[in-house]
Amino acid sequence: MRSAMAIRRILTAQEPILRERAKKVSNFDASLHRLLDDMLETMRDAPGVGLAANQVGVPLQVAVIEIENRITELVNPQIVKSTGEQLDWEGCLSIPGYVAEVARDAKVTVKARNRRGREFRVTGDELFARALQHEIDHLNGVLYLDHLDATDELVRVSEAADEVGEEAAAGI
Ligand code: NI
């Protein structure tokens, strides 16, 4: 029997679990599948384009990204290659209402497992590369704030609306 997906509560930046390194997944079982299903539902409801499991209170190395109708589920993800630099606006579902310009690698390749435990690699650039780095940061207890030189680089979405793309403003 399949249970319905559920929207989980997204924790905000002051919650300690967002500052802890998430644990590796070793059981690719029904509870992992349910977590991934719920995370997709929760991310879409927010709405956002990426979500890490510790953002919904589960300290496991699990993340989902959905950009341009492509869903990427990542279990135990690791960046194995990165090149170049990009600077663009970035938001986070755990830091609602704010964005900042964050420097990221332009293109990254990530090694991860899927929900069945099979290893795969995915390469992305632009927003997808940004989201991959942002989610893997989350799983290491890192927030985009940590990449800023000063907190005054944080801007209210409403004040930057003309410059910030809809997806970046939505949060990852
Ligand atoms: Ni985030």
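What is the site of the nickel ion, judged by the angles among its four donor atoms? The site is irregular, with angles of 85 to 144° among those four atoms. For reference, four donors count as tetrahedral if all angles lie between 85 and 135 degrees; four count as square planar and six as octahedral if opposite donors are over 155 degrees apart and all others between 65 and 115; anything else is irregular.

Before I continue, some conventions. This is a predicted model, in which local features need pLDDT of at least 70 and side-chain atom pairs count only at pLDDT 80 or more, while totals for chains, interfaces and linings use all residues. Residues are numbered from 1 along each chain as its sequence is written, and side-chain values use heavy atoms, with hydrogens and water left out.

I return to the metal. The nickel ion takes its protein donors from Cys92 (SG), His134 (NE2), His138 (NE2) and Ile172 (O), at 2.1 to 2.3 Å. Donors here are N, O and S atoms within 2.8 Å of the metal (3.2 Å for Na, K and Ca); water is not among the atoms, so sites may look incomplete. Along the chain, the donors follow the spacing C-x41-H-x3-H-x33-I. Cys92 lies in the loop between strand 4 (86–91) and strand 5 (98–104), and His134 lies in helix 2 (residues 126–139), so the pair ties together parts that are 42 residues apart in sequence. Helices (H or I, at least four residues) and strands (E, at least two) are DSSP runs, numbered from the N terminus.

Next, His134 itself. His134 counts as buried, at 2% relative accessibility; buried means under 20% relative accessible area, exposed over 50%, and partly exposed in between (1.4 Å probe, protein chains only). Its side chain makes a polar contact of 2.7 Å with that of Glu90. A polar contact is a pair of N or O atoms within 3.5 Å; within protein, one must be able to donate a hydrogen and the other to accept it, and residues adjacent in sequence count only if both atoms are side-chain atoms.

Helix 2 also holds Arg130. Arg130 is buried, with a relative accessible area of 1%, and a polar contact of 3.4 Å joins its side chain to that of Gln86.

Six of its six residues are buried, so strand 2 is largely enclosed by the rest of the structure. Val62, Val64 and Glu66 point one way, and Ala63, Ile65 and Ile67 the other way. Strand 2 pairs with strand 1 (residues 50–52) in the antiparallel sense over three bridges; strands pair if DSSP finds at least two bridges between them. Six bridges join strand 2 to strand 3 (residues 70–83), also antiparallel, and Glu66 stands opposite Ile71 there. These two strands form a hairpin with two residues between them, and Glu68 in the turn has a positive phi of about 50°.
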